[in-house]
Amino acid sequence: MITLAMLDHAAPGSSAVSLQLAFVDYLILGTYFVFVIGIGWAIRRNMKTSSDFFESGRSLPAWICALGFIGANLGAQEVIGMAASGAKYGIATSHFYWVGAIPAMVFVGIFMMPFYYGSKARSVPEYLKLRFDEKTRTLNALSFAVMTVFSSGISMFALAKLLNAILGWNFDACIIASGLVVLVYIYSGGLTSAIYNEVLQFFLIVLGFLPLVLLGLQDIGGWDGLMKNLDGYSAAKGMPGAWSSSWQHMGSASANPIGIEWFGLVAGLGFVLSFGYWCTDFLVIQRAMAAKDMNAARRTPLIAAIPKMMFPALVILPGMLAIALYHKGGSASIALPIGTDGNPDYNMVVPALLAKYFPHGMLGIGLTALMASFMSGMAGNVTAFNTVWTYDLYQRWFKPDASDAHLLKVGRITTVVGLLISAVCAYAATKFNNIMDMLQLVFGFVNAPLFAIFLLGMFWRRATGHGAFFGLLLGTLAAAVFHGNTLPAGEAASLLKGGWISVQHTFASPMAQSFWMAICAFTSCFLGTFLISLATTPNRTDEELRGLVYSLTDKPQEAPGTAWYARPMPLGLVVLAATVGLNIIFW
Amino acid sequence: MQLDIRLPMGLLFLILGVILIGYGLISDQAIYAAHSLGQNVNLIWGAIFALFGGVMLWLARRARE
């Protein structure tokens with residue numbers, strides 16, 4: 001997820017909300033896990049070929065893929081992190097959705113899915129091989145594989161640490177149990193099992209968090225009460241009105257709590273980072289590629305965009321409610337632990353609201369939803385990892401003539417290995433927090449320029465393999481150099497924060513630094529790929545590029561008489577119009 | 001033949017709904033005053049969960065016929 005490096009770690013601080021569970025809560029949790037494992041068990045017989053295991057046999061309907069598409073992304077880092085940001089930044093957090101997600105989701109559905117799905121590539125790195133060359137594919141596959149097991153490990157760590165903090169559960173037991181549950185259902189049911197569980201988790205989160213939001217709103221005196229208290233809070237923070245509007249304070253970085261101005265936000269988050277994530281990250285693309293036909297694959301991100309644009313009400317609003325309650329009545333109205341810096345521990349917003357509003361029964365539902373989201377975050381990464389490892393690394397470099405049965409076996413073993421590495425990462429995170437932050441930073445360097453080679457590769461047939469490969473390296477290098485020369489305000493120069501070469505520019509916030517770093521990396525990669533492509537000879541003939549490049553691919557046609565909502569273009573336009581509407585309403 | 005996800009999903013939400021309704025009926029009403037502004041959220045949301053589960057089961061059944 002694009003926000004991983006930008007948001008605080010989901011892990012709570014030393015002080016935490018404490019919850020006690022009753023029998024009924026355990027009963028609810030237990031029931032859920034019986035179903036999770038049961039689904040994997042029930043479909044294990046369908047896993048006959050490697051395509052069944054890694055691609056769901058390309059057989060799923062659009063609505064299931066769509067819910068998997070957002071479900072895989074709706075990890076607990078998002079639930080906890082977005083609520084934390086809602087408290088920290090207010091309504092403007094919705095930029096992560098209405099600017100930082102929807103436009104890119106519409107773009108990938110309308111323009112890019114025809115190449116992913118139509119090319120018959122089995123993964124995003126494999127598309128890069130068909131379009132460019134083997135070295136570009138391997139570079140992408142390697143960095144992606146490392147990143148996914150690492151992300152899965154972070155989810156595992158965050159889950160265990162949270163449960164340990166609020167419920168007093170044993171840390172090791174949480175790691176082992178969560179790893180085993182995910183292992184059992186992916187091992188037996190592959191991608192289909194992961195997607196089915198993402199669908200389950202999606203509804204669980206919606207129905208489990210909606211009552212929390214409704215009770216909070218009622219308590220604070222409705223929307224007006226919320227706005228009144230947020231205005232009071234933002235005035236006390238010296239930025240009157242900044243928590244209750246999304247765009248009005250985006251004129252300059254010093255006028256809003258995010259510390260970013262509109263251009264850096266739109267270009268850095270809305271274009272480079274968002275398109276880089278939603279349009280190229282195999283974790284989400286894999287869900288769309290599991291669809292039963294081209295139309296379903298293209299509509300997957302578009303259908304997913306509809307609930308996605310409503311999510312701020314579910315995940316950001318709780319944070320805003322918590323901070324408004326906190327402003328209204330201090331710790332008497334909400335028990336938010338205060339961190340060492342004097343601010344509330346924002347990561348405790350969701351647990352604090354659960355403790356306040358949910359009696360036993362619903363409390364079990366809320367916790368189940370939270371655990372489900374952590375696990376589907378892990379499962380999403382593990383399924384993407386085992387596919388890329390098996391097809392793009394193992395089959396290519398170790399056993400090109402592997403039989404399909406062999407690949408299926410490798411996929412299953414990789415699931416076990418992937419989860420073991422995740423567990424190692426989770427333990428590493430407990431001991432060496434800085435190494436984890438460092439790794440996230442390096443992934444940021446590698447990911448920021450990525451969209452440039454897809455954009456050029458799909459829409460400019462002259463782009464060459466050398467151009468893409470060296471352009472990507474150049475973009476990564478540019479990101480590192482940019483980071484080494486800039487620093488967020490109030491920070492001392494360090495390897496982690498930046499300024500380790502020299503300090504040429506100081507940004508208002510770490511987020512502004514990372515958005516601008518992305519802009520710089522993208523531009524360098526784009527220009528580098530462009531110039532190197534012109535200087536090198538094309539390594540693919542037009543015939544080879546058919547189905548991979550816009551100008552050489554037949555546009556997918558819908559059957560005449562297809563309803564507007566079943567056609568990607570009109571559906572995408574409606575989604576975009578609705579997003580513009582939301583931006584205006586909450587201006 | 002793929003498993004229709006609406007079947008296990010409907011069943012899960014129906015069971016969760018029944019558990020919530022059951023607990024909402026037998027639990028001490030004081031916990032609702034302490035937490036959920038006096039509303040028996042277990043009863044209300046249990047009914048919504050069960051209804052959602054029922055609709056899913058109905059859709060799955062309709063698709064099979």
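The dialogue below takes up helix pairs, then the chain interface, then one histidine in a predicted model.

Q: How is the packing of two helices described?
A: Two packed helices are described by the angle between their axes and the distance between the axes. Here, helix α7 (residues 124-131) and helix α8 (residues 134-167) of chain A cross at roughly 165°, and their axes come within 7 Å. Angles over 145 degrees count as roughly antiparallel; α7(A) and α8(A) are therefore roughly antiparallel to each other. Their crossing is right-handed.

Q: Which residues of α7(A) and α8(A) meet?
A: From α7(A), the residues are A:V124, A:P125, A:E126, A:L128 and A:K129, and they meet A:E134, A:T136, A:R137, A:N140 and A:A141 of α8(A). By class, this contact has 4 nonpolar, 2 polar and 4 charged residues.

Q: What is the orientation of α15(A) and α16(A) to each other?
A: Helix α15 (residues 362-398) and helix α16 (residues 404-431), both of chain A, pack at an angle of about 130° with axes 9 Å apart. The two are therefore oblique to each other. In handedness, α15(A) passes α16(A) in a right-handed crossing. On the α15(A) side, the contact residues include A:F385, A:W389, A:Y391 and A:Y394, and on the α16(A) side they include A:H406, A:L407, A:G411 and A:G418. The contact of α15(A) with α16(A) comprises 9 nonpolar, 8 polar and no charged residues.

Q: What is the handedness of the crossing of α9(A) and α13(A)?
A: That crossing is left-handed. Helix α9 (residues 171-220) of chain A and helix α13 (residues 294-329) of chain A pack at about 35°, and their axes are 9 Å apart. Among the residues that meet are A:F202, A:F209 and A:D219 in α9(A), and A:F311, A:L317 and A:K328 in α13(A). The contact of α9(A) with α13(A) divides into 17 nonpolar, 1 polar and 2 charged residues.

Q: How is the size of an interface between chains expressed?
A: The size of an interface is often given as the accessible area lost when the parts come together. In this model, chain B and chain A bury about 2,800 Å² between them, with 80% of it on carbon and sulfur atoms. In terms of residues, 28 of chain B are in contact with 38 of chain A.

Q: Which three residues supply more of the area that chain B buries against chain A than any other three?
A: They are B:I5, B:H35 and B:W45, which supply 22% of that area.

Q: Where does A:H249 lie, and what does its side chain reach?
A: A:H249 is found in the loop between α10 (222-236) and α11 (262-280) of chain A. Its side chain reaches the backbone oxygen of A:P240 at 3.1 Å. The side chains of A:H249 and A:S245 are joined by a polar contact of 3.2 Å. Leaving aside residues up to four places away in sequence, A:H249 touches A:P240, A:G241, A:A242, A:A255 and A:N256.

Key. Residues are numbered from 1 along each chain as its sequence is written. Chains are lettered from A and ligands numbered from 1 in the order in which they are written. This is a predicted model: local features need pLDDT of at least 70, side-chain atom pairs count only at pLDDT 80 or more; totals for chains, interfaces and linings use all residues. Side-chain values use heavy atoms; hydrogens and water are left out. Axes are lines fitted to C-alpha atoms, for helices over the stretch in contact, and angles run from 0 to 180 degrees between N-to-C directions. Helices (H or I, at least four residues) and strands (E, at least two) are DSSP runs, numbered from the N terminus. Angles under 35 degrees count as roughly parallel, over 145 as roughly antiparallel, 65 to 115 as roughly perpendicular and the rest as oblique. A crossing is left-handed if the near helix is turned anticlockwise from the far one by less than a right angle, and right-handed if clockwise. Contact means heavy atoms within 4.5 Å. Ala, Val, Leu, Ile, Met, Phe, Trp, Tyr, Cys and Pro count as nonpolar, Asp, Glu, Lys and Arg as charged, and the others, Gly among them, as polar. A polar contact is a pair of N or O atoms within 3.5 Å; within protein, one must be able to donate a hydrogen and the other to accept it, and residues adjacent in sequence count only if both atoms are side-chain atoms. Buried area is the accessible area (1.4 Å probe) that two parts lose on being put together, summed over both.
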